[in-house]
Structures are given as structure tokens and as C-alpha cells.
Amino acid sequence: MSLLKFTIKRTIHGIVVAWAALTIIFALRFISPVDIASALIPPDVPPTARESLIEDLGLDQPWYVQYLRYIGGVVQGDLGYSYVSRISVNQLAINRLPATLELAVAATLVSVVLSIPLGVISATNRHQVPDYLASFFALLGISTPNFWLGIMLVLLVSVMLGWFPTSGREFGFYEAMRLLILDGNRYGIIQWLYHITLPAITLGTYYVALLTRLTRSEMLDQLSEEYVRVLRAKGLPETLVTFKHVLRNSLIPVVTVLGLQFGSFINGAVVVEVVFRWPGMGEFLIRAIRTVDWPVIQGTLIIIAITWVTINFGVDILYTIIDPRVTLEGESE
Amino acid sequence: MTHNDASTTSVQRSAGTDNEPDFGPNTLLKVRNLSTRFFTDEGQVNAVESLDFEVKEGEVFGIVGESGSGKSVTGLSILDLIESPGRITDGEIWFRNRSLADEFNEQQSQAVRDEFVNLLELPESVHRSLRGNSFSMIFQDPMSSFDPTSTVGEQIAEAVEVQQRTSSNPRSARSRTQGYGFKSMVLGSILPSKSFVTEPSMERAIELLELVGIPDPKKRAQEYPHQFSGGMLQRAMIAQALAGEPDLLIADEPTTALDVTIQAQILSLLSDIQEERGMSVILITHNLGVVARVADRLGVMYAGEIAERGTLKEIFENHTHPYTAGLLGSIPEIDEAERLRPIPGNVPSLLDHEMGDRCYFADRCPKAMEECMEKPPEYEINDDHRVRCYLANREFDEDRSIRDHFDGEGGEPS
Amino acid sequence: MSSDTLVSVEDLEKHFDPEDSFLDKLLNLETPPVQAVDGVSFDIKRGETFGLVGESGCGKSTIGKTILRLLEPTGGATYFEDENIYEMDKSELNTLRQDIQIVFQDPFSSLNPRLTVGEIVREPLDIHDIGTKAERREKVVAMLERVGLSEDQIDRYPREFSGGQRQRICIARALVLEPEFILLDEPVSALDVSVQAQVLNLLDDLQKEFGLTYLFIAHDLGVVRYICDRVAVMYLGRLVEIGPTDMIFDDPQHPYTRALLESIPRADLQEQHRTIEGVSGDVPSPRNPPNGCRFHTRCRDVIQPPDFEFEQETWQNLVTLQHRLETNPRSLSEYTIDEDTSDKETIARHASRIREVFGLPTLNSDAESVINKAAHLAVQGNFSEAHQTLNNAFTTICRTRDPSGIDIGEDREVACFLCYDEPPSIPKTPDASTENDND
Ligand SMILES: Nc1ncnc2c1ncn2[C@@H]1O[C@H](COP(=O)(O)OP(=O)(O)O)[C@@H](O)[C@H]1O
Ligand code: SF4
Ligand code: SF4
Ligand SMILES: [Mg+2]
């Protein structure tokens, strides 16, 4: 199948998924026990003003009208206006999305850089000291809650040692790179690194455990495959057996899990963003939930859903590159 | 009841005897007293037990037996491919290799006799460096024998490359990594010029594919294993095993996973190549038809031992061991349809604590006698024929039969 | 249908549709169906063992599963005692399930590891609610003893048994309902030879004792000869030959049957001196089977076009080239030259190379110019015209028509034009007829 056809197919899939997500998110509002009007409008507002406000927000319409309006808006790329700040959600979200993506990518990097070597060391030294150490480390990672690790890191590394800032994000990656490339000024990128390190470690470590264990068990599975014996029988150096063949095959499920996890990175970012006051979608979402700012809640969730779909698409393409048995048809020959 | 009254023609080789190996003028490999065990949770598995056999230059030696009799473990032991929880616990594997013999004559003379070296006494790295270029192995299931994510051509080229690097490096400089360590590996994956597989070895791989009868070798070399049929992939595996021009090829059930028409193609390919190159082959199979087709001599394995060995003719027409007879009697042939005479009972487990110290076949043997409660030695019937059974020097005696003691379950309700 | 026929399969067809989604269809991404079974007919007589042989993937097991209605056919019918099983209702099917039983190849995965042997064998009785508790137990014990196990093993679990014993348990389970018909799908191929013989003898004895009818599916021809009364040989979803076992083995008529028998290595001292006339190449894909006779791409005896006289080998090679040009021309691209090369000599050199690779020597007949032209076209990358050129000049009936089974007497049928008294004529347009035209 050509890439074009595959893209068309996946786009249609993606639209269906996004629409379903949209509808569920919309329905949430009606299931939610909190009455929007009373949450939004202070009790001392006079009834007439209250009526006109409700009318203004379109809350007097039956649900299907609201739904159609809402869908119509999304299709046109309009996520509505925040109840609270009256600023367009598009605007707000666009400002926030890069921060979250940066954090998710950085956390992915942290987890990959730590977990794959750990997994390889574990598998090649099975039932020996390095393996136990790696397992212990992995266990530690998985049993430490994100927020707790975040707070600990803030206390130890930022407050006591003063190595990294406790919170915030001075520069976006984009601006930092502009500064670097256009002006040759490294200040931005250093600031960016300086601020993202702790949140990325906090978010990444949780997945290190999972990915280390996955890499280890995949490597062990692969090492007991018949083809490894054949590679050895033909005299291939052990380095090549391990790294060229075994590791490559072990990475196939690791990539899948990474792709799936990327979505959870965004979810995990919610907690981490709050701890580090990282101005991303998560922090934004929590704030909107507190103020029952439905357009913002909806908008954020939709953007997260769309990011998900896009990433899965990317992972599928990546798949065909690392595993020749997988074709774009999604079936092996 | 002891039976050390073995006749003068009998040769007894019990574990631990330190007699000198004697090599014939055209011996290539001589395995003596080899034991390989697996130390599993259920207990010690004696997969190969005091095994003796010899492979001559340019011959096809067949090893036949039922599954679990230790055929594969024998092959893997020769290549030092036994993995934990398994270990070669005893024995000698003498292999003719003049340059190695010269090299180790000084430092490790106990590992050298004439032109032969005892692989099990050499440093592990030296033993392993012989893989691919002195001996190589092909396996039963071609589909699982190739790395699914590398092209077939690349994998064969690797084998070519191994051979070339071995012959260009002095042995003493070779380390565990055979001159290709982690650094070269990282560089190789980034810089094509430093990659393990070079252009000439890829070309050689294509030649090899052509040699084993794969059409469009250039194109097929760039394909992945799953794009090949089973038969084609088995050809590719043979090509890969030939890359190092080995003196000995061990083929472990090379046609078992294939259909008969493809099996016939592969067998004739194997014997053509063997004849052309004068290489020796150990052909491991459970199929007596397959050995009949290509082997010169054969050993019948049972419970980790070679029960009987000799030329094809001796084994097929003049066998002594009741197991050999049973095996031959239980194959349905396509030429006749007479009633089969199966061997009663089941294949033994090989667990050390269940094996006992009697003839391993005693509980299934229709001719088991009192003396069989003690392990029989290996008797020499003639130059070409040895057997591990008391019937080599005495007739079956009904009076001493112990058949009633065992009631092999699941046997023929005759 | 004669009264001694128990099972009758008529024109059975099972095509596996690829799992294309609605979207695939919309975007025109459909893959062709796998023609696993494509128009197969045979009768199984009461009390006989009917063998079905062929190489892996030729459709044997699919036939078995479709006969049992574990799969729904895409065409045709199966009659069990004159009832079409695909038209049966629930209760009829329920009775049918008692009369028909199956034993699979792998005794390891066919037994529930959490049940004891007694429970496994009793299960069918429970399901069909037969007898009282005591009667059931009695029956189970009798059956286990009959297959060579003992009563004290009744409370053990499958893992405590060897492969051969497990297959005995499977057989006991199949027999406990006293069926009339048992489908044995490679029942001994997972077993060791010595154990295999035990099970074969057991099956033989049971058949005599209970008057059973077997459909025995196998790829091991030795086993088939040993146990079967009649045999059908399959190739790529079709039956090529059917007849009494001894005749098929002693005097095979279809070129494929002959090649199959030739290929089997015999445990015999003369084996190394036997020249094998097997088959070359691989089985084509059942997604895209060859036109005409499905075996023609590998057949040694493929019939020559009327006006030519090739060496048979050359002709066979020519057929191979034709087939390649038709189905997979891109695989020939390594012999082609750059588009803009017009150098006559280069073209000629490549053309003779392709002829060499495909084993087509220079001939001194009319055929030479045609082959030469086609080779030139092919090296210039013009595969379809090369194909056309060959096709127009050399048409063989084996490529253009589909041989249907023809009765050659003595209860035998063969699907090969060589066995026709008078071969049907070759249609004008090649590939136009893929359906049978003689009955
Ligand atoms: N990796 C292993 N761990 C434990 N036991 C093993 C292992 N490999 C082989 N064995 C045991 O060694 C015995 C001989 O096996 P094998 O050589 O594979 O037999 P064959 O090739 O004749 O079928 C068997 O009992 C088997 O269970
Ligand atoms: S030694 Fe005795 S038990 Fe063993 S095979 Fe010979 S006769 Fe049978
Ligand atoms: S019909 Fe033609 S191709 Fe088919 S088997 Fe007969 S001779 Fe061969
Ligand atoms: Mg084996």
C-alpha cells in the first residue's frame, strides 16, 4: 500500500476516533453534578443579568443545539471561549501545547536513555549482581509516585543543593532555538535545559522501570530464539549477536510501548506540571477544572486526543521501518 | 551376575578410562566418552551419556533416533553451543586441524595428538573461533533460524565476513570479540564504511545463494526471511553454513520441517555439495529414509547413547540391537503395507535419578535378560560395526528373560 | 448416492476472505481471497479409511474442518447419511456431533490441562447427557482400557502422560460417544516413530471392532499406505487423483502423485542408487493459483503445443518463464538493461543471459525466433509484450484449460489431460477458460 493511501486510511480512522472522544467529552458536562451556571456566576448577580449571561454562553439551548454548535466550532478549528478569562481557547491552548510536548519528549528521552542500557545490562548479566541492581532500581522507580518523587527532587536538588530551579519555564524550546540560531546566544537553551531537567526526570523515571523490565524480558526472549544459536554457530562475534540482532529485535515491542506510553506521558504530565508549575496543558486543565471552565476543559482534552492519534500514526510508520515483517497493510505477508 | 567375561573382540570403554585415542588415516572427528548434562529444576538430565563415534573425511555420518535421544545436544556440544543450565561434563572431542595442533603443541601438549586437537581442552575462545570455518551447523526450522529483521543476504554476508576476518587475523590477536568489539559495532552502525558486512562479502553471499539454487539471487539477497518459502530459506541456510568453507557440516533434522517434494530437493542439494567439496557431514534425523538416502555410516542413538553404529549396510541388514530392529520395524513404508511391529512403552525421560544402572533399553526390550540389569559395554562385531548390547556375543535365552518384570504400559496388546 | 456411502462431499469450496475492512474496500485495497479448497468432490464409504494427502497448505485440514462444519463453506455441500450438513438445524447438528468426532495432530494442546483424564473422556457424555453417573464412569473406564491405559490412571492429569498416551486419551474421548465417523487430522505426525506405530495399530484395531469410518488426513505417505483403503491426493485446493490405495501407490497416474511418491526417501539400502524424478520449485500461492491445470508450473509432463517438438526439459523451462512473466515479472528486473540503452550488442548479451538462466538453449526450429524475440523484449523491460509473444505462439492445454477428474476405471479418477482419451481443444484466447467444460 502506498504511503498516501495509508495516510488517507489512517486520517479517516483518526477523525472517527477524535469525533468519539469529542462526544464523550461533551457528554461529560451533562453528567457532571456541578451546575455550570451556579458555579460560574456569583450568587449576588441579579437574576436578569444572570439570565442574559446564561443566554450569552448559550447554556439555555437544548443539549443537541449546544452539541451541534460545539462540533461545528471544532470542525472550523474554533474551540470556543473560556468562561473565565473570555480569551479564545485556541489561543490559550496554543500557548500551552508546546510546553507539554517538550516535557513529554524530554521525559521519553530520559526514560529511553536510562532504561535501554539498563535492560541490556540486566539481560546480558542475568541473575548476577548488575541484573539485581537494575531490577532494584526499576522497582524503586515504579513504586515511587510521581508527585512524591517530584517533591523530593525539589526539596533535595533545588532547595537544599540549589542546582536547579524549583519551578517554572523561562524559555520555550522554540524561542530558545531561535535565540541560539539567529543571535548565537546560548542563554535561552541553557535556561530551557535548566528548567526542564527536574520535571523530565520526574516524569521519565516512572517509565524507566517499565521499559527496563520490558527490554530485559524481550532480550531474554530473543536470546533464547533459534536464530541466535545460528548466529553463534556461524561464528559471529558476540557483540554483533547482542547489539545488532538481539537488541534490534527486542526494541520492536519497546517502541510500541513507548508509542502507547507517549499518551500517558501527557497524562502523567498533568501531575508533574502541577508540582513544578510547568505551564503546560496539564496545569492548564487542572486550573480549568477548578473553575469549571468547560470550554477550556473540552478544548484541552480534544487537543490531547488529537495528539494521541497523530502520535500513533507516527509510531505505525516507525514500525514499518524497524520491523520489515510489518507492512502498511497492518498484516504480515 | 557380572559380565566382565566379555569376549576378546569386545572393547569396553567405561567412563574414566584413559586409554589413548587411535586415529584412522582419514579420521576428521573423534568423539570419545562425551557426556553433556542439563541441571534443571526437575533434576539432572543426562542428555548425552559417554558417547563415542568417529567421522571420517568426506563421509556422511548419520545419527538417527527418536526425539529426546540426545541427537541435537550432540551436535551442539561439538560447536560449544550448549547453554546454561547445560554443560559438557566429560569427554574428548578430537578434531583434525594441523595448524592448531602445531600452535598448541608446546603450550598444551595434552590437548594435541598428531594432527588432532582436543577441542574441550583448548581455550573456549579458540574452540569458538572454529565455528563457521571448521564446522558449522544447520537446523530444523529455517523460519526461526534467521533473524527476522535483517535481510537474508546480509546474514549470509556476515558469515562470509567472519570467515575472512578469521583467516586474516593471527589467532593470537583474537580476543573474545574476535576483533570486533563494541566500539567497532557502534561505528559500524553509523558509518557504512565501517560496517561489519563489506561489499565483497555481500557479493560472495549472492554467489552462494546462486550456488544453492536460488533463482534471482541478487534480488532475493535483499529480501527478508519471511518473504522466502521454507524450502528456499533452507537453501539459504545451507548457503550460510557453506560461507566459511567448513570441513564438517552438522545438519540437525535439515528436512523435517519441509514437505517431501522439497525434502527431496534439499537432500540432493546437500549430497551434491558434500560430494563436490569433499566435506564431512553429520546428518541428524529421526527419518531412516533420509539416512538411507545420503549417509555412509550411521549411529543409532537411544537415551543419550549410541546403541549401535556401523555402515548403512551393517545397520540395515545385520543389526544386533533390539532397538535398531524395533525402529526399522515401526516405520510404515510406502512399498508394502504389512502390519507394523512397534516398540512397546515410551521414550525415557533421561532424568539421572530415573535412569538406573541397567541397559537403558531394558524396560522396552523384548529380549531383556537377567544380565541386562547391568549396563552392557560396547562390543565390536567387526571393524565397521559396534553395538551396546549383550546380544553381540550371546543368543537370547528364554530362561533368563526378564520380560515379565517390566510391563511397559501402552504396549501392543499382542 | 449408493447406500454404502456414509459421507459425500460435493463441489466443496472454501475461500478465505482476507480481513479487509470496509475502508479497504472503499479505497480499493482488497487482497484476493485464499482459495484453500476449490471444488472438491469425493465419497467416503461406510467402514473404510479414506486418506487425504498432500503437502502442507494444500487444503487438507480445511476440508476436514469444513466437513465437520467447524468452518462454513463458501460453496458446495457435504452429505452425511444423505443429509446436507450445511442445511441442518440446531438439533440435527447436535445429533451429528455425536456421530462425527475428530482427533487432531497435537495431543498436547487438544487436552484441557486442568481436567483429569477421566473428566476429559467423560466430558462428551456430560455434554450430550448420556447415561447415569455410574454408567458414564463405567464407559470411561472401559474406553480408557480399550485404548491401552489403565483404570488407576483415571485421576491423573494430561501433563503426566507422554505424547503417545495423550493421543490415546484423545482417541478415547472421540470414541466414547460411539460415533460412526472419525476425522483424524494428522493424528500421528507429532509422535515418535516407535510410538506412532502403536497408535496406528490401535486405530486399525478399533476400526474393526467398532465398525468405524475414518477420514485420515496426513502428509506422511507411508502412514497413509499403511492405514488407508482409498486415497485422494490434493494439490493447491484441488483433488488431482483418487483411487484405491494400492493402485495409487503402485501405479500412480497423475504426474503430481508420481512426483510425490518419487520424492519419499525409502529406508532401503538401494536408496542411494535410485534416481528421483521429483518436482522442482515451490508450491505457488493459493491466493493466486496458476491458470489451467494448477500443477502445470511444476509438471514434468506438461503437454507441448501441437505444432512444436521441444526437448521436454526446454519446454518445461519455457512454461516456467511464461508463468514468471505473467505473475511476477518484476522479479526479472535484475536481467533488464537501462531504458535508454539501444546498443544492440548489450541487448543481445542480456537476452542470452536470461535464456541461459532459464535453461532455454538455441533451437533450430520456428520456436527460436519467438523465444529470441521474447527474451529481447524482456531484457528491455517490456514484460507484458514478452509474455504476449510467448503466449500467442505456444499455447498448451495445460495452461489454458482446467482438467477435471476423469474416470479411468477401477474406481479411479485422475485430473490430468494425459489421461483423457481425447483432450479437449485449446480455446482461441488463452486464459479465457478456467472453468470445467466436460462432465
Ligand atoms: N536447554 C535444555 N534444558 C534442559 N534440558 C534440555 C535442554 N536441551 C535439551 N535438553 C534435554 O536433553 C535431552 C536430549 O535432547 P535433544 O538432544 O534435543 O534430543 P534430540 O535432538 O535427539 O531430539 C532431552 O531429554 C532434552 O529434554
Ligand atoms: S542389553 Fe539386554 S536389554 Fe539391552 S538391548 Fe540388549 S538385550 Fe535388550
Ligand atoms: S494436465 Fe498437464 S500440467 Fe496438469 S498434470 Fe496433466 S500434464 Fe501436467
Ligand atoms: Mg533434535
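**Chain B against chain A**

Reply: Start with polar contacts: pairs of N or O atoms within 3.5 Å; within protein, one must be able to donate a hydrogen and the other to accept it, and residues adjacent in sequence count only if both atoms are side-chain atoms. Between chain B and chain A, 14 residue pairs are in polar contact, both at pLDDT 80 or more. This is a predicted model: local features need pLDDT of at least 70, side-chain atom pairs count only at pLDDT 80 or more, and totals for chains, interfaces and linings use all residues. Residues are numbered from 1 along each chain as its sequence is written, chains are lettered from A and ligands numbered from 1 in the order in which they are written, and side-chain values use heavy atoms, with hydrogens and water left out.

Me: How many salt bridges does the rule find across the interface of chain B and chain A?

Reply: A salt bridge puts a side-chain nitrogen of Lys or Arg within 4 Å of a carboxyl oxygen of Asp or Glu. The rule finds four across this interface. One pairs A:Arg232 with B:Glu83, with the closest N and O atoms 3.1 Å apart.

Me: Is C:Leu52 buried or exposed?

Reply: Buried means under 20% relative accessible area, exposed over 50%, partly exposed in between (1.4 Å probe, protein chains only). C:Leu52 has 0% relative accessibility, so C:Leu52 counts as buried.

Me: Which residues does C:Leu52 touch?

Reply: Contact means heavy atoms within 4.5 Å. Not counting residues up to four places away in sequence, the residues touched by C:Leu52 include C:Ile63, C:Phe216 and C:Met234.
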